[in-house]
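Open your viewer and get ready to click along with this short tour.

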Amino acid sequence: MSQYQQQFQQANTLLWQKDGSEPPDAEMMAFLAGDDVVLDRQLFLYDVEATKAHIGGLGRITVLTSDEVDSLRLCLDDLAQRYQRGEYILDVSFEDSHSAIEAFVTQQLGEVGQKFHTGRSRNDQVLVATRLYLKQQ
């Protein structure tokens with residue numbers, strides 16, 4: 001487990017987890033997510049690319065400033081490079097690739113990391129990453 005993932009795991013809450021509630025135990029997470037991480041590893045870089053495109057759209061409609069767009073894109077490029085070099089490993093400590101990406105960006109950039117999914121559902125994230133993957137295949 002990378003140093004980043006160890007730090008994140010200490011403060012990790014699931015996206016759907018409410019304040020004050022206990023996270024599910026390992027058995028429950030295995031039931032909820034199973035081997036999803038295996039597929040997420042295949043789609044991870046496509047999810048990063050789709051996120052970069054979404055950020056561009058948010059910049060065009062001024063939800064994000066041009067400086068925020070630039071810093072987010074650089075951060076995502078850094079994440080993709082780390083992933084390709086094996087320095088960043090997507091594992092079961094993350095609920096899914098979307099959570100992992102958001103956690104990385106938020107840790108690196110602070111509050112702006114919580115803004116870049118504005119107007120984007122998780123279903124949209126899955127669909128776009130899957131389409132990009134299938135298109136390349």
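Predicted model: local features only at pLDDT ≥ 70, side-chain atom pairs only at ≥ 80, totals over all residues.

Residues are numbered from 1 along each chain as its sequence is written, and side-chain values use heavy atoms, with hydrogens and water left out.

**Stop 1: Glu68.** Select Glu68, which lies in helix α4 (residues 66–85); helices are DSSP runs of H or I, at least four residues, numbered from the N terminus. Glu68 counts as buried because its relative accessibility is 18% (buried means under 20% relative accessible area, with a 1.4 Å probe and protein chains only). Now show Lys115: its side chain makes a polar contact with that of Glu68, at 3.0 Å (a pair of N or O atoms within 3.5 Å, one able to donate a hydrogen and the other to accept it; residues adjacent in sequence count only if both atoms are side-chain atoms).

**Stop 2: α3 and α6.** Next, select α3 (residues 36–60) and α6 (residues 122–136), whose axes come within 8 Å and cross at roughly 110° (axes are lines fitted to C-alpha atoms over the stretch in contact, and angles run from 0 to 180 degrees between N-to-C directions). So α3 is roughly perpendicular to α6, a word for angles of 65 to 115 degrees.

How values were computed. Helix = DSSP H or I, 4+ residues; strand = E, 2+ residues; numbered from the N terminus. Buried < 20%, exposed > 50% of the residue type's maximum accessible area, 1.4 Å probe, protein only. Parallel < 35°, antiparallel > 145°, perpendicular 65-115°, else oblique.
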